[in-house]
Amino acid sequence: MTDDYLGRIGRLIRDARQHRGWTQSQLAEALGTSQSAVNRIERGNQNISLEMIARIGEALDSEIVSLGYAGPMHLRVVGGRRLSGAIDVKTSKNACVALLCATLLNAGRTTLRRVARIEEVYRILEVLGSIGVRTRWINDGNDLEIVPPATLDLDAMDTEAARRTRSVIMFLGPLLHRTDRFRIPYAGGCDLGTRTVQPHMNALRHFGLDITATDGTYHCEVERGVAPTRPIVLTERGDTVTENALLAAARYDGVTVIRNASSNYMVQDLCFFLEELGVRVDGIGTTTLTVHGVSAIDRDVDYAPSEDPVEAMSLLAAAVVTESELTIRRVPIEFMEIELAVLEEMGLDHELTPEYRADNGRTRLVDLTVRPSKLRSPIDKIHPMPFPGLNIDNVPFFAAIAATAQGSTLIHDWVYDNRAIYLTELTRLGAAVKLLDPHRVLVEGPTRWRAAEMMCPPALRPAVVVLLAMMAAEGTSVLRNVYVINRGYEDLAERLNSIGAQIEIFRDI
């Protein structure tokens with residue numbers, strides 16, 4: 001086999017092993033070989049027979065590995081079915097990836113509870129593993145244990161994995177405290193148009209970080225002794241730029257004031273985690289954060305990120321478009337209140353339980369029951385605002401919801417260049433979605449959904465919106481190449497099937 005195929009097969013084996021929650025040692029034991037041999041196989045540094053590939057596939061219960069090629073995953077959806085029962089919201093994808101980046105601040109052991117088993121998390125784990133961080137799934141694969149080395153091997157960074165996630169940009173804040181020079185590849189993720197890293201560079205310059213971007217790589221140099229002399233005013237109230245500033249401030253032995261900060265759910269979870277590390281953060285939930293940093297962090301910490309409000313919105317939209325009664329448990333209500341107020345104005349019949357606390361002890365949760373409703377279009381346009389406004393990632397779901405409502409709904413996604421365009425894909429399923437410009441669509445309802453076969457949009461939330469519309473359409477639809485959905489949702493098809501959907505996962509032969 002060529003080196004290229006050995007590397008590809010090694011990555012497939014590694015992904016299948018991590019998906020099962022096994023360590024290299026566990027796979028080695030099942031195969032009767034050594035952990036070092038498994039390590040060489042996964043790195044593409046060892047010839048491997050077809051018999052061994054088959055044995056690995058059997059051990060990991062993975063047809064992908066036994067075939068030796070990971071073809072794209074597709075979904076076959078039998079629509080027109082009502083959902084019923086109850087479903088729990090999983091932990092926040094965006095919080096989990098931020099917390100994984102934050103573990104680079106800590107010399108001690110970090111245990112994260114109920115981490116989302118999604119592609120975005122796997123990519124960050126691959127990057128962490130490549131630079132020497134030990135990670136393993138524990139407690140039947142529910143929790144994640146992270147132990148950093150004394151010295152990171154940044155030259156060995158898995159650049160292929162790093163390029164497949166935008167979250168790697170959040171390595172900047174922690175790494176500037178660990179080394180004077182380092183490189184990370186350009187951040188990837190969803191195709192949402194031009195997304196500049198200039199706000200990150202502006203914020204981190206206060207800590208002595210200078211970034212030069214060439215040849216697909218950020219070349220970073222740190223000037224020691226540079227520290228914030230005045231409040232850092234972010235030029236963009238973005239989630240990741242706020243998180244990067246927080247990560248940099250956490251290991252600065254002094255007080256940092258961050259203004260125009262995002263107060264969104266993943267930022268709050270990161271603040272709660274930093275407090276577990278001994279970093280005091282004042283102003284959590286506001287746009288001014290005051291960070292009392294410490295020069296060194298060496299603690300064994302145990303933290304449970306809160307639930308994902310965007311997944312909660314996804315499940316709510318699934319109930320609305322399929323005209324179902326569904327109970328969605330563990331909804332982080334603080335980050336859904338505006339969305340529910342808009343939906344209530346549109347005529348949504350729903351009920352909330354009394355509030356209770358998430359496992360982090362801070363985030364407010366409720367159980368939400370949604371019932372079939374005759375919706376009408378909202379009086380005002382649907383548009384996002386920074387928290388506590390309507391969440392930017394929840395805006396696309398209103399396209400599917402508006403398509404079920406009587407009347408015209410204007411949706412204005414002013415943040416991203418391309419995402420509104422992807423919402424026009426709903427027209428192939430029978431919706432009347434008119435693109436007014438790259439940021440605005442007009443949705444006319446109600447819709448008589450129809451089945452279709454189509455490629456998955458290259459952006460996470462519009463892709464899920466298309467899947468939900470397929471669930472509402474009578475007949476059989478096919479959604480091809482759903483990797484982008486797996487980036488942000490854990491076992492979404494299986495979980496929707498558990499409440500009455502009929503979705504089959506398949507691959508091309």
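## Overall picture

Of the 509 residues of the protein chain, 58% count as buried. The model is predicted. Its secondary structure comes to 19 helices and 23 strands.

The C-alpha trace spans about 65 × 60 × 45 Å along its principal axes. For 509 residues, a compact globule would have a radius of gyration near 23 Å, and the protein chain agrees with this because its own value is 23 Å. Among contacts in the chain with a separation of 6 or more, 73% join residues 24 or more positions apart.

## Surface and charge

The accessible surface of the protein chain comes to about 20,400 Å². Carbon and sulfur atoms account for 45% of that surface.

The chain has 55 positive and 66 negative charges. The mean position of the positive charges and that of the negative charges are 1 Å apart.

## Confidence

The average pLDDT of the protein chain is 90, and 93% of the residues score at least 70. Over residues 63–69 the pLDDT is below 50.

Where pLDDT is low, the predicted coordinates should not be read in detail.

Phe-387 lies in the loop between strand 17 (364–371) and helix 15 (397–404). Phe-387 counts as buried because its relative accessible area is 15%, which is under the 20% limit for that class. Leaving aside neighbours within four places in sequence, Phe-387 is in contact with Ser-263, Asn-264, Gln-268, Gly-285, Glu-334 and Phe-335. Arg-237 is 150 residues away from Phe-387 along the chain, while their C-alpha atoms are separated by 9.8 Å.

Pro-388 is found in the loop between strand 17 and helix 15. The peptide bond from Phe-387 to Pro-388 is cis, with omega near 15°.

## The cis bond at Pro-446

Another cis peptide bond runs from Gly-445 to Pro-446, with omega near 0°. Pro-446 sits in the loop between strand 20 (440–445) and strand 21 (453–455).

## Met-454 in strand 21

Met-454 lies in strand 21. With a relative accessibility of 3%, Met-454 counts as buried. Met-454 and Leu-479 are 25 residues apart in sequence, and their C-alpha atoms are 5.4 Å apart in space.

Not counting residues up to four places away in sequence, Met-454 touches Glu-425, Arg-428, Leu-429, Val-466, Met-470, Val-478, Leu-479 and Arg-480.

Ile-124 is placed in helix 7 (residues 119–130). Ile-124 counts as buried, at 0% relative accessibility. Not counting residues up to four places away in sequence, Ile-124 touches Val-97, Leu-100, Thr-165, Ser-167, Val-168 and Phe-171. One of these, Val-168, is 44 residues from Ile-124 along the chain, and the two C-alpha atoms are separated by 7.0 Å.

Glu-243 lies in helix 11 (residues 239–250).

## Two residues with positive phi

Asn-260 has a phi near 60°, a positive value in a residue other than glycine. Asn-260 is in the loop between strand 10 (255–259) and helix 12 (265–276). With a relative accessible area of 23%, Asn-260 is partly exposed.

Glu-323 also has a positive phi, near 55°, and is likewise a residue other than glycine. The loop that holds Glu-323 runs between helix 13 (309–321) and strand 14 (326–332). Glu-323 counts as partly exposed because its relative accessibility is 48%, and exposed would need over 50%.

How values were computed
Residues are numbered from 1 along each chain as its sequence is written. This is a predicted model: local features need pLDDT of at least 70, side-chain atom pairs count only at pLDDT 80 or more; totals for chains, interfaces and linings use all residues. Side-chain values use heavy atoms; hydrogens and water are left out. Helices (H or I, at least four residues) and strands (E, at least two) are DSSP runs, numbered from the N terminus. The radius of gyration is taken over C-alpha atoms; the globule rule is 2.2 Å times the number of residues to the power 0.38. Buried means under 20% relative accessible area, exposed over 50%, partly exposed in between (1.4 Å probe, protein chains only). Contact means heavy atoms within 4.5 Å. Accessible areas come from the Shrake-Rupley method with a 1.4 Å probe; for residues, only the protein chains shown count as cover. Lys and Arg count as positive and Asp and Glu as negative; His and the chain ends are not counted. The place of a charge is taken as NZ of Lys, CZ of Arg, CG of Asp or CD of Glu. pLDDT is the predictor's confidence in each residue, from 0 to 100.
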